[in-house]
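Subject: Structure handover

Hello,

Here is the structure we talked about. Please open it first, then read my notes below with it on screen.

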Amino acid sequence: MIKVNNLSFSVNNKKLFHNLSFAISEGELIRISGSNGSGKTTLLKIMLGITPPKKGFVEKEFSFGEKEFEFLGHKNGLKTYLSVKDNLYLMDLKLNDKNLKVLNDLSLLDLMSETVGNLSYGQQKKLALARVILSKARLILLDEPFVGLDDDSKKLLEKFLYNHIKTGKSAVITSHIDIDLPYSEICLDD
Amino acid sequence: MIRLFFKELFKMVRQLRSWLGPLSVFVLILVAFPLTQDIDTKFSHQTTFSFLWIISLLVIMLSTEKVFLEDFDDGSMEQHLLKPYNFSDYVSAKVTSSFLLIGIPLSCMSWLFLQSAVAMTNLNLVSLLSFLLSNFIFINFCFFGNAVSLKRGSLLGLLIITPLLFPVLIILGKMLSAALLGLDYSNFLLLLLGCSLISGPLMPFVISYILKIHLE
């Protein structure tokens, strides 16, 4: 699905990673770990094509017509002056039974008319995660997705990731928090 | 593209301060300007036009001040970059929304003020057209300035684009002079139309490229 070949990146002559190579195959969960400033977010951005690498390249293989990625970074991408429902509309998400169930599981269904600015950090995070959960992307990339989530929401996200991988799709996450899922690890501190 | 435009329009409509605020400032200035004059003062055509162009430019600068900053700060710009449509479409949708909600109302209000201040029955259509075209160009350049100075404050952007807009203001002034002297002003109007036709499709590509650099 994605092949990372000899990727190198440095900031102000400080090497973040050097000659990094790995592949993400279908049905695989990859966890990128490393200390603060080790380049986890940068690696995600290089894989997405937002940041160009200093050296190396990323090969992507997707079937025609498939929705390739869904990405959630440190910033949620939510409009705080709009309601939860309006934010879902901006994300092209329809309120069908299946999606309503996910929103209900995330305790967001009762907050549909609430302005996002009035929600807590955790609720905003859950809304942003709902966009990823409800999308049909082949590969999802999440940057510290468990930060700000309560135990129930963390378990729900783990359950979603498990189901996502089981259907042959893939995920890449960066996380400091331990997760209860089978994953391959890429440590940037090595 | 149309769907994207409606989404940007929806966001802008819901954020009243981004367009209703600057339009209110414009109205207040239009009200305040005659109050500084004697009651029997006759406004000259040249002064009134210049006043309206400059004040329109300032109001557009004010309204587009944070046009990209909000999306950049909340992370939605990053997400637009990953969507299947062209990133320049996102910029075009923003420009079009701003022109609809700010450019067109400003042009209409300028034209109405012009009618009340100086009667120009022979130049009705041309004056409206000049306001529409100049405001469209101003919006495109203000977007460009804000994209350039995204992380460094809007003042830098304004300092960059203001000299770039001098030729447009000169063309507008020359067009008016020609019209008042009864000369053929169509060349100047065509020049203005040409500027709009070039900046309209070209600016979104330039701006999207600049924004991509910021996102890196």
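Let us begin with one pair of helices. In this predicted model, the crossing of α1(B) and α6(B) is right-handed. Helix α1 covers residues 2–14 of chain B, and helix α6 covers residues 87–117 of chain B. Their axes come within 8 Å and cross at roughly 50°. The two helices are therefore oblique to each other.

Which residues of α1(B) meet α6(B)? They are Leu4(B), Phe5(B), Glu8(B), Leu9(B) and Met12(B). On the α6(B) side, the partners include Asp89(B), Tyr90(B), Ala93(B) and Leu101(B). By class, this contact of α1(B) with α6(B) has 8 nonpolar, 2 polar and 3 charged residues.

Now turn to α6(B) and α7(B). Their axes come within 9 Å and cross at roughly 145°. This crossing is right-handed. From α6(B), the contact uses residues including Val95(B), Phe99(B), Trp111(B) and Leu114(B). From α7(B), Phe131(B), Phe136(B), Ile139(B) and Phe143(B) are among those taking part. The residues of this contact divide into 11 nonpolar, 7 polar and no charged.

Next, the cores. In soluble globular proteins, nonpolar side chains tend to be buried together. The largest nonpolar core here has 48 residues. Which of its members touch the most others? They are Ile60(B), Ile139(B), Cys142(B) and Phe143(B). Five elements of chain B give two or more residues to this core: α3 (45–63), α6, α7 (124–148), α8 (154–180) and α9 (186–215). The largest share, 12 residues, comes from α7(B).

Look closely at Ile139(B). Leave aside its neighbours within four places in sequence. Ile139(B) is then in contact with Ile60(B), Thr64(B), Val95(B), Ser98(B), Phe99(B) and Gly103(B).

How many residues join the two chains? There are 15 residues of chain A in contact with 13 residues of chain B. By class, the chain A side has 9 nonpolar, 4 polar and 2 charged residues.

- Pro182(A) sits in the loop between β7 (170–174) and β8 (184–187) of chain A. Is Pro182(A) buried or exposed? Pro182(A) counts as exposed, because it has 9 C-beta neighbours inside 10 Å. Pro182(A) and Ile165(A) are 17 residues apart in sequence, and their C-alpha atoms are 10.0 Å apart in space.

- Phe33(B) is in helix α2 (residues 20–35) of chain B. Phe33(B) has 16 C-beta neighbours inside 10 Å, so it counts as partly exposed. From Phe33(B) to Ile104(B) is 71 residues in sequence and 21 Å in space, C-alpha to C-alpha.

- Leu100(A) belongs to helix α3 (residues 97–105) of chain A. With 14 other C-beta atoms within 10 Å, Leu100(A) is partly exposed. Leaving aside its neighbours within four places in sequence, Leu100(A) is in contact with Leu95(A) and Leu109(A). Leu100(A) and Lys126(A) are 26 residues apart in sequence and 14 Å apart in space, C-alpha to C-alpha.

Best wishes

Methods
Residues are numbered from 1 along each chain as its sequence is written. Chains are lettered from A and ligands numbered from 1 in the order in which they are written. This is a predicted model: local features need pLDDT of at least 70, side-chain atom pairs count only at pLDDT 80 or more; totals for chains, interfaces and linings use all residues. Axes are lines fitted to C-alpha atoms, for helices over the stretch in contact, and angles run from 0 to 180 degrees between N-to-C directions. Helices (H or I, at least four residues) and strands (E, at least two) are DSSP runs, numbered from the N terminus. Angles under 35 degrees count as roughly parallel, over 145 as roughly antiparallel, 65 to 115 as roughly perpendicular and the rest as oblique. A crossing is left-handed if the near helix is turned anticlockwise from the far one by less than a right angle, and right-handed if clockwise. Two residues are in contact if their C-beta atoms, placed from the backbone, lie within 7 Å. Ala, Val, Leu, Ile, Met, Phe, Trp, Tyr, Cys and Pro count as nonpolar, Asp, Glu, Lys and Arg as charged, and the others, Gly among them, as polar. A nonpolar core is a set of buried Ala, Val, Leu, Ile, Met, Phe, Trp, Tyr and Cys residues joined through C-beta atoms within 7 Å. A residue is buried if 20 or more other C-beta atoms lie within 10 Å of its own, exposed if 12 or fewer, and partly exposed in between; C-beta atoms are placed from the backbone.
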